[in-house]
Amino acid sequence: MTEMLEYEDKECPKCGSKNIEVVDYFKVELLEEFESRVPDTSGYVFRLKKKVTKVYSCEVLLGCLECNHTWSCPGTVSEEEMEDDR
Ligand SMILES: [Zn+2]
């Protein structure tokens, strides 16, 4: 399973530094869920796999590497999972 996190704040609200990192994040609620079909490249035989994507809203905890300020901002996380479809 792969997760992709996106969040709004790109700089520290206290000192304006862009040198920030994600400390942690918490999923809040499922926003949407959709399925698509993608080629499976793991074997020699070509076949399609089902890819399920779930998008959650989340609370992102950010930390500034310059002044050590921590704060939270809203974000989204999309979760992708491949499923065998036979
Ligand atoms: Zn800062």
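A nonpolar core is a set of buried Ala, Val, Leu, Ile, Met, Phe, Trp, Tyr and Cys residues joined through side-chain atoms within 4.5 Å, where buried means under 20% relative accessible area with a 1.4 Å probe, protein chains only. Keep that in mind as we look around this predicted model, in which local features need pLDDT of at least 70, side-chain atom pairs count only at pLDDT 80 or more, and totals for chains, interfaces and linings use all residues. Residues are numbered from 1 along each chain as its sequence is written, and side-chain values use heavy atoms, with hydrogens and water left out.

The fold reads β-β-β-β along the sequence, with 4 strands and 0 helices; strands are DSSP runs of E, at least two residues, numbered from the N terminus.

Here are some whole-protein values:

| Property | Value |
|---|---|
| Radius of gyration (over C-alpha atoms) | 17 Å |
| C-alpha box along the principal axes | roughly 55 × 25 × 15 Å |
| Share of the 86 residues that is buried | 27% |

For comparison, a compact globule of 86 residues would have a radius of gyration near 12 Å, by the rule of 2.2 Å times the number of residues to the power 0.38.

The largest nonpolar core has 10 residues: Cys12, Ile20, Tyr56, Cys58, Val60, Leu62, Cys64, Trp71, Cys73 and Val77. Strands S3 (47–64) and S4 (70–83) are the elements that give two or more residues to this core, and S3 supplies the largest share, 5 residues.

Val60, one of the core members, has contacts (heavy atoms within 4.5 Å) with Leu5, Tyr7, Val22, Asp24, Tyr25, Trp71, Ser72, Cys73 and Gly75, leaving aside residues up to four places away in sequence.

Definitions and conventions. Buried < 20%, exposed > 50% of the residue type's maximum accessible area, 1.4 Å probe, protein only.
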